[in-house]
Amino acid sequence: MTPHAEVSIDVDLVRALLREQHPDLAEAPLVLAAQGWDNVQVRIGDDLAARLPRRAVAVPLLENEVRWLPTLAPLLPVAVPSPLRTGRPGAGYPWPWAVVGWHDGVRAADRPRASRSAWAAELAAALAALHVAAPVDAPHNPVRAVPLADRDQALTERLRGADDLAWALEVWRRGVAAPSWPGPPVWVHGDPHPGNVLVTVGGATDPGVDGGKRSDGGERSDGGERSDGGERSDSGDTLSALLDFGDLSAGDPACDLAAAWLHLDDAGRTTFVAAYDRAAGSAVDTDPGRWARAAAWAVSMASSVLVMAPDDATNTPWARGALAELRRSAALTERA
């Protein structure tokens, strides 16, 4: 289940904080937009949102966003929630917080996999633009973008302990055995799952999904899949924003390339792989193990949801879909 909130955050608290620290925003309409594992998002008027940690463990993640996103945002060909103002503890709230831009769009998780091929190349280009050498004081995340060998014991135990994930051990092992990242640590988003990507549907936001106004990166319980087997329109979707940089760190870019399985089907993945390799240029020539490691990272991210939070209705749909895609592509690899 979603971790228990350590503080209660509502519209009244946010208004009190704004009155104390940003009074020019205090009378704007406020709407509770999302409550994720780590943060609560409250929309401020049309163009802004307050982002507040709901657990102590999320505070340094927000601080990383505040410190680094203003530097990284200009490098990226896609919108990101770069902090525009900062907040300090107050009104009974114990931690720092931020005011960020509000981004219109529909979560990628709310769209069928087949529709995502339309912007697979855009996502690949955005990640390639992010994957530049990071400074020595860049944040370190012990469970993302590290050498896969560092996570081998934990992942092997996790997969062996889940009867329906035994098949994933081979995908994981191939990643661990693959050549490691040969370059210097690069910037890595760290959590590129379909709830952290916003898209514009057919050239306009989708009024059928929360009015088309989403900036929280959370997952809907339906995972974007129609239970009646019907098809939604998938023409003209474009990438709108890349959200939730709380896991931002420096390390192996293959961690982000897990998106190839977290988001995409075969057609989309083919587009994504080609676009990323083209955008990354000569760097890919020295990194033959990147896609084996990326598949292993996808196993890690998706299995963590199903094993650690199987009742999390907001994240299990994309996790199940990713594992199904990994299992199918693994079977094709074995037959090849």
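Strands (E, at least two residues) and helices (H or I, at least four) are DSSP runs, numbered from the N terminus, and two strands pair if DSSP finds at least two bridges between them. This is a predicted model, where local features need pLDDT of at least 70 and side-chain atom pairs count only at pLDDT 80 or more, while totals for chains, interfaces and linings use all residues. Residues are numbered from 1 along each chain as its sequence is written, and side-chain values use heavy atoms, with hydrogens and water left out.

**Strand S3 and its partners**
- S2 and S3 make a hairpin with three residues between them, and Gly45 in the turn has a positive phi of about 60°.
- Strand S2 (residues 39–44) pairs with S3 in the antiparallel sense over six bridges; Val40 has Leu52 as its bridge partner in S3.
- S3 also runs antiparallel to strand S5 (residues 97–101), joined by four bridges, and here the bridge partner of Leu48 is Gly101.
- Is strand S3 (residues 48–53) mostly covered or mostly open? It's mostly covered: six of its six residues are buried (under 20% relative accessible area with a 1.4 Å probe, protein chains only; over 50% would be exposed, and in between partly exposed).
- In a regular strand the side chains alternate between the two faces of the sheet.
- Leu48, Ala50 and Leu52 point one way from S3, Ala49, Arg51 and Pro53 point the other way, and all are buried.

**A three-stranded sheet**
- An open sheet has its three strands in the order S6-S8-S9, with antiparallel pairing.
- Its edge strands are S6 (106–107) and S9 (238–242), each pairing on one side only.
- Strand S8 (residues 197–200) is joined to S9 by four bridges, and Val199 has Leu239 as its bridge partner in S9.

**How confident is the predictor?**
- The protein chain has a mean pLDDT (the predictor's confidence in each residue, from 0 to 100) of 89, and 88% of its residues reach 70 or more.
- Over residues 205–234 the pLDDT is below 50, and beyond near neighbours in sequence this stretch has 87 contacts in the model (heavy atoms within 4.5 Å).
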